[in-house]
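Please examine the sequence and the three-dimensional structure shown below. The paragraphs that follow lead through the structure one part at a time.

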Amino acid sequence: MRIGELARATGATVRALRHYEQAGLIESEREPNGYRGYGDSAVVRVRNIRALVAAGITLADLRPLLGCLDGDVLVQPPSERVLRIARDRLAVVERRIAAQTEARDRLVAALAAAGSAAEG
């Protein structure tokens, strides 16, 4: 199947598919006319990639999991490796949330102080 067909079958954009391929997560073969050709198994893999990315897993995190991406990852129990990657990613997200919360609190305090100064 061609890249446009894969995009329609998975809900991914052509640009995202090219990015996944560049990241080594999916493979294509060049057809004689130069178009990318993907096997039917690419549909499952791309759907899994999209589901995991939507859950906060990065493309770099997915590299060690290539062998797992060809099955239905959403119904199978996760391996310890997958759980470790997910926990590591969650820790990163939580640190970012904490940093953003601190920045918000400083901004709120600065605006409150500016409001008090403007009133006086």
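The buried residues of helix H3 are covered by parts of the structure that include H1, H2 and H4. The model in which this is seen is a predicted one. The buried residues of H3 are Ala42, Val43, Arg45, Val46, Asn48, Ile49 and Leu52. An α-helix has 3.6 residues a turn, so residues three or four places apart point the same way. The length of H3 can be checked as well: helix H3 comprises 14 residues, 41-54, which at 1.5 Å a residue should span 20 Å, and its end C-alpha atoms are 20 Å apart, so the two values agree. Just after H3, Gly56 adopts a positive phi of about 105 degrees.

Leu6 lies in helix H1. Is Leu6 buried or exposed? Its relative accessible area is 0%, and because buried means under 20%, Leu6 counts as buried. Leaving aside residues up to four places away in sequence, Leu6 touches Met1, Leu17, Ile26, Tyr38, Ala42, Val43 and Val46. Among the buried residues of H3 are Ala42, Val43 and Val46. Leu6 and Asp40 are separated by 34 residues in sequence, yet their C-alpha atoms are 8.7 Å apart in space.

The next topic is the pair of helices H1 and H2. Two packed helices are described by the angle between their axes and the distance between the axes. Helix H1 covers residues 3-10 and helix H2 covers residues 14-22; their axes come within 9 Å and cross at roughly 105 degrees. Angles of 65 to 115 degrees count as roughly perpendicular, and H1 and H2 are therefore roughly perpendicular to each other. On the side of H1, the contact is made by Ile3, Gly4, Leu6 and Ala7, and on the side of H2 by Val14, Leu17 and Arg18. These residues divide into 5 nonpolar, 1 polar and 1 charged.

Gly24 is placed in the loop between H2 and strand S1. With a relative accessibility of 29%, Gly24 counts as partly exposed. Which residues does Gly24 touch, not counting residues up to four places away in sequence? They are Arg63 and Leu66. Gly24 and Arg63 are 39 residues apart in sequence, while the distance between their C-alpha atoms is 7.5 Å. Arg36 belongs to strand S2, residues 36-37. The side chains of Arg36 and Glu21 are joined by a polar contact of 3.1 Å. Apart from residues up to four places away in sequence, Arg36 touches several residues, including Met1, Arg18, Glu21, Ser28 and Glu29.

Asp61 is located in helix H4, residues 59-62. Although its side chain is charged by class, Asp61 is buried, with a relative accessible area of 15%. The side chain of Asp61 forms a polar contact of 3.0 Å with that of Thr58. Asp61 also touches Ile85 and Arg89, when residues up to four places away in sequence are not counted. Helix H5 spans residues 80-119 and contains Asp88. Asp88 has a relative accessible area of 48% and is partly exposed. Between Asp88 and Ile57 there are 9.5 Å in space, C-alpha to C-alpha, although the two are 31 residues apart in sequence.

Conventions
Residues numbered from 1 in each chain as written. Predicted model: local features only at pLDDT ≥ 70, side-chain atom pairs only at ≥ 80, totals over all residues. Heavy atoms only, no water. Helix = DSSP H or I, 4+ residues; strand = E, 2+ residues; numbered from the N terminus. Buried < 20%, exposed > 50% of the residue type's maximum accessible area, 1.4 Å probe, protein only. Polar contact = N/O pair within 3.5 Å; in protein donor to acceptor, adjacent residues only side chain to side chain. Contact = heavy atoms within 4.5 Å. Axes fitted to C-alpha atoms, helices over the stretch in contact; angles between N-to-C directions. Parallel < 35°, antiparallel > 145°, perpendicular 65-115°, else oblique. Expected span 1.5 Å × (residues − 1).
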